[in-house]
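Please consider the protein shown below, whose sequence and structure are presented together.

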Amino acid sequence: MGNRLLTASVVAVISVAALVGCADAPSSNGASSDAAGDYCARMVTNSGGLEDRSFNQSSWAGLQKAEKDAGIEVQALVSTGETDLAPNVQQAVDSGCQFVLTVGYELADATTSAAAANPDVHFSIVDEVVDAPNVKPVIFDTAQASYLAGYLAAGVSKTGKVATFGGGNQPPVTLFMDGFVDGVAAYNAAHGTQVVALGWDKVKQDGTFTGDFEDINKGKTLTESLIDQGADVILPVAGQVGEGSAAAALENPGVSVIWVDNDGFDTLPAKYHPVLLTSVLKNTEDAVAQIVTDDAAGTFDPAPFIGTLENGGVGLAPFHDLASSVPQELSDELDALKAKIVDGSVVVTSPSTPE
């Protein structure tokens, strides 16, 4: 595959790891090497940092789960900018650990180079594909779950307009957006409605983007513009930028937000709970935990892990505080639609669908 596919608190040792890299640190449960021998793992974040309320945070939670459950010693190297990426990957390799996890398309080149130069080290990369015998990609068919989110958004919209935007025009982002607009179209076809999806043209593969994944103010400004155009349900696919959407929704009664990657009800500040309709989930935590635990046990397979609705790798979060806004009939439709996607009678497509 040539396409680029794109809560846990950070304890003090992680801050140290970000500064000094791979100095030995005890496991949080004190087990360290008892269960896994001398095995250790390192993670390198992309420029979004460790507490990005997105895939860095979920990936780190996966390593922490492996640390707790399998006694694997883990540390994270936090990248704050592009110039940190390759040096942090090299530092992870120089630690002598057997496993290095990198997160995001920004780390594809550094991961490719390091994997080629260190064939005895096993790597895994989240939301990207690197084709090498010692690299396991972890990718997700988020279009499937976003299709459900689009159907939901169209079903609860009072204005007849919903919207999505991204941090950048990249396959891991646009995959969400493709599924979302197709889900809106599916609702229209089923109900004879004409709900409009702003922010993304699937045919042209072009739409609305902030240009980064960190600037919350950009997210708020863009969301306010979409609200001004009539949108009352908004799906930001932009990492931390999406918090700006939640802030804008909080100031505009009747507007709700669909989060991505993890359950925003768990990772965002509680003040945003009243505007979170659901989240399009990527089960990065469990995927990472399983891959590194298997590797520690001597099993490594470079074939990509692809998260789907069928294997639980993607899905929709509960409606939480907004459950009363989702009619039971609509909820039942979503359950039936999910079953059809799982059994193949409904096929969700995108130019960025992982293979």
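Predicted model: local features only at pLDDT ≥ 70, side-chain atom pairs only at ≥ 80, totals over all residues.

In total the protein has 11 helices and 14 strands. Of its 355 residues, 57% count as buried. The protein exposes about 13900 Å², and carbon and sulfur atoms supply 49% of that area.

G166 stands opposite V237 of β10.

A further set of six strands forms an open sheet in the order β2-β1-β3-β4-β5-β13, and here the pairing is parallel. Strands β2 (73-77) and β13 (305-307) each have a single partner strand, so one side of each is left without a neighbour in the sheet. Neighbouring strands are turned by 15° against each other on average, again with direction ignored. Strand β5 (residues 135-140) pairs with β13 in the parallel sense over three bridges, and I139 has I306 in β13 as its bridge partner. Helix α4 (residues 108-117) packs on this sheet, where it touches β3 (99-103), β4 (122-126) and β5; the direction of α4 makes about 170° with that of β4.

Helix α3 may be considered next. Its buried residues are L85, N88, V89, A92 and V93. After α3 comes G96, which has a positive phi, near 85°.

**The disulfide**

Which cysteines does the disulfide join? The structure holds one disulfide, and it joins C40 to C97 with an S to S distance of 2.0 Å. C40 lies in strand β1 (residues 40-44) and C97 in the loop between α3 (82-94) and β3, so the link ties together parts that are 57 residues apart in sequence. The angle about the S-S bond is -110°, and the link of C40 and C97 is left-handed. Both C40 and C97 are buried. In general, a disulfide is a covalent bond between the sulfur atoms of two cysteines.

The largest nonpolar core comprises 63 residues, of which L63, F180 and I258 touch the most other members. Helix α5 (residues 142-156) gives the most to this core, with 10 residues. Apart from this core lies another, of 21 residues, among them I234, A247, A249 and V257. Leaving aside residues up to four places away in sequence, the contacts of I258 include A149, A153, F180, V233, I234 and L277.

**Individual residues of note**

Is D261 buried or exposed? D261 is found in strand β11 (residues 256-261), and it counts as buried because its relative accessibility is 7%, below the 20% cut-off. Not counting residues up to four places away in sequence, D261 touches S54, F55, F176, V280, L281 and K282.

Two further residues are noted for their backbone angles. Most residues other than glycine have a negative phi. D127, which is not a glycine, has a positive phi near 70°. D127 is placed in the loop between β4 and β5 and is buried, with a relative accessible area of 3%. Q205, likewise not a glycine, has a positive phi of about 50°. Q205 lies in the loop between β8 (200-201) and β9 (206-207) and is partly exposed, with a relative accessible area of 23%.

Note on methods: Residues numbered from 1 in each chain as written. Heavy atoms only, no water. Helix = DSSP H or I, 4+ residues; strand = E, 2+ residues; numbered from the N terminus. Buried < 20%, exposed > 50% of the residue type's maximum accessible area, 1.4 Å probe, protein only. Areas by Shrake-Rupley, 256 points an atom, 1.4 Å probe, with all protein chains shown as cover. Pairing = 2+ DSSP bridges. Axes fitted to C-alpha atoms, helices over the stretch in contact; angles between N-to-C directions. Contact = heavy atoms within 4.5 Å. Core = buried A, V, L, I, M, F, W, Y, C linked by side-chain atoms within 4.5 Å. Disulfide = S-S within 2.5 Å.
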